[in-house]
Amino acid sequence: MERKRWYKDMVFYQIWPRSFKDGDGDGMGDLWGVLEKLDYIKSLGCDGIWFSPIYPSPGADCGYDIADYMDIAPEFGGMEAFKKVLEGCHERGMKLLMDLVVNHTSDEHEWFEKSRRRIDPYTDYYIWRPGEKGGKLPNNWDSNFEGKAWTYDEVRGEYYLHLFAIKQPDLNMDNPLVREEVKKILHFWLDMGVDGFREDVITYISKTEGLPNDRIFPIYKGMRKYNHGPHIHEYLSEFKRDVFDKYDCFTLAEAPLVWPKRALKYIDEEKGQIDMMIQFQCETADCLFTDWLPTKFKLRKMKKAFSDWQYKLSGKAWNMLYIENHDHPRIISRYGSEKYRTESGKTLAVTYLFQQGTPFLYQGQEIGMLNWRPESPEMYEDVQTVYNYNHTNLKKSPEERLKRLWRCSRDSARTPVQWSAEKNAGFTTGTPWLPVNENYKEINVEKEEKDPDSLLNFYRKAIALRKSLPAVRYGEYREHFHRSKKLYVYTRETESQKLLVICSFTEKPAKIKIPSGYNIEKGELILANYKERDEKILKPYETRVYLFNS
Ligand code: GLC
């Protein structure tokens, strides 16, 4: 089937279901809540939704530990609610993406239950090893979440590999039967009418033969032996050939530690096996590889990340654009300024919305939600956070250890969406599964709906503009003044249309810089975050977008 690549004209909204909207009052977000809010999502100018996992799951990693791939969790409303949401999306001309998590399952999946008992054909569905003499683990790999990557299973009498939590055993993708299972899952959802998949850590699915030790690495020992492994392109091609090519769907691959050159092997429009890739560089301007190794925010690092992908994919592949998702603390708290919340939120929106690619918004980003800062470490739920808290930085003071969680934890961005100033921010009539951020009376959708200058309404304007301007879709990207530590300035040019984008990233006034060949007096100012403007000086976190038509 001919791929229509409809995703190039779209803007997606990511729903992290537990915290989006509770429809039945049990304190947990669900699909009934989503149904209520479809018009809201559409009103932002978003044409599609990516659902973080909504399958039955014990919830060890908030749904990324799946116990049944062909059903919807009862706490989210089951299949009945899902079908209504799918229909509701399609009626509104919106697409729906599911999360495909097949690097690992839950240890409560039936396959694992059978595999640990050596019941065929499931015996080799997972990666089992006897372990070495003297209680040595099969190799030196670390898990991404909970210590070593191996756990001994009493039932089978062997170790199993888990690159994430202990309750997330890795599937053995080298087993053709496992790949057949994946295809069955894909067919099941695509036949139901789902429009595509976001593929969770998909670059991890092929492990180096023999599972050799890895050298020391700043993070996650082992990663070099399983990220972009030997058969990765073969397996992805197989999924494409046997499934995706038969549908008008689209695929988005999550890929930790990937640079454009490597990415092109996956997403080149002629030869690739998937459509777009979630890279992590744009999330590391204030840390080293992971949020857990924080550094000072460096604008130049952020600009370089965005520009690298813009330049190197140009004409060959399509960018996935994002500044927030469920795996990172809130962006205003990191790259912007809480003091200038609305202003810096707008600058951050402009930073990525006028680039080439398909933008994604993460729930709450559009109203400028900030990091959660609970008073006690016991309030955290995330498996990675709990492990890191209990095993690292033990010698630091309790205050420092708690502050580290505020800064680094994924839960900082997982609190319920703040819909109104009512109890529990209008998220639930019950007790929320994770507390609501205390600032909800100040920051909520209802309040921002009423304010024409709110961040929410700015997002609407910016998205509508991006859709109306050919230069955003087709224009050549160029970054200017890349050495500047205060400003991000870029242009987008087609033969008939030019855009000049200026974003200040400082709380201090900053001298405006205009690229040569551009005369702002001749341009039309189409978007800005201040009403009053100075010709030469930008206000804190000021942003402007100028349009030049010829
Ligand atoms: C991805 C998901 C993350 C999850 C992990 C394991 O990185 O985005 O939330 O914990 O994979 O599935």
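In this predicted model, 8 strands build an open sheet in the order E9-E8-E7-E3-E2-E1-E13-E12, with parallel pairing. Two strands count as paired if DSSP finds at least two bridges between them, and helices (H or I, at least four residues) and strands (E, at least two) are DSSP runs numbered from the N terminus. The edges of the sheet are strand E9 (276–278) and strand E12 (320–321), each of which pairs on one side only. Strand E1 (residues 12–15) runs parallel to strand E13 (residues 358–362) and is joined to it by 3 bridges; here Gln-14 stands opposite Tyr-362.

Residues are numbered from 1 along each chain as its sequence is written, and side-chain values use heavy atoms, with hydrogens and water left out. As the model is predicted, local features need pLDDT of at least 70 and side-chain atom pairs count only at pLDDT 80 or more, while totals for chains, interfaces and linings use all residues.

Cys-46 belongs to the loop between helix H1 (31–43) and strand E2 (48–51). With a relative accessible area of 1%, Cys-46 is buried (buried means under 20% relative accessible area, exposed over 50%, partly exposed in between, with a 1.4 Å probe and protein chains only). Beyond its neighbours within four places in sequence, Cys-46 is in contact (heavy atoms within 4.5 Å) with Val-11, Phe-12, Tyr-13, Ile-41 and Met-94. Tyr-13 is 33 residues away along the chain, yet its C-alpha atom and that of Cys-46 are separated by 6.2 Å.

Rings of Phe, Tyr and Trp (its six-membered ring) pair if their centres lie within 6.5 Å; planes under 30 degrees apart count as stacked, over 60 as edge-to-face and the rest as tilted. By this rule there are 36 aromatic pairs. Tyr-69 and Trp-111 are stacked, because their ring centres are 5.7 Å apart and their planes meet at 20°. This pair links distant parts of the chain, 42 residues apart: Tyr-69 lies in the loop between E2 and helix H2 (78–91), and Trp-111 in helix H3 (residues 110–115). Both Tyr-69 and Trp-111 are buried. A tilted pair is formed by Phe-197 and Phe-244, at 6.2 Å centre to centre and 55° between the planes. Phe-197 is in strand E7 (residues 196–199), while Phe-244, 47 residues apart from it, is in the loop between helix H6 (232–242) and strand E8 (250–254). Phe-197 is buried at 0% relative accessibility, and Phe-244 is buried at 4%. One aromatic cluster consists of Tyr-55, Tyr-69, Phe-82, Trp-111, Tyr-122, Tyr-125, Phe-188 and Trp-189.

In helix H11 (residues 383–391), the buried residues include Asn-388 and Tyr-389. The buried residues of H11 pack against strand E11 (290–294) and helix H12 (398–408). Arg-401 lies over the face of Tyr-389, at 4.0 Å from the ring centre; for such a placement, NZ of Lys or CZ of Arg must be within 6 Å of the ring centre and within 35 degrees of the ring normal. Just after H11, Asn-393 takes a positive phi of about 55°.

Finally, Asn-444 sits in the loop between H12 and helix H13 (445–450) and is buried, with a relative accessible area of 2%. Its side chain reaches the backbone oxygen of Tyr-440 at 2.9 Å and that of Lys-441 at 3.4 Å.

Key: Polar contact = N/O pair within 3.5 Å; in protein donor to acceptor, adjacent residues only side chain to side chain.
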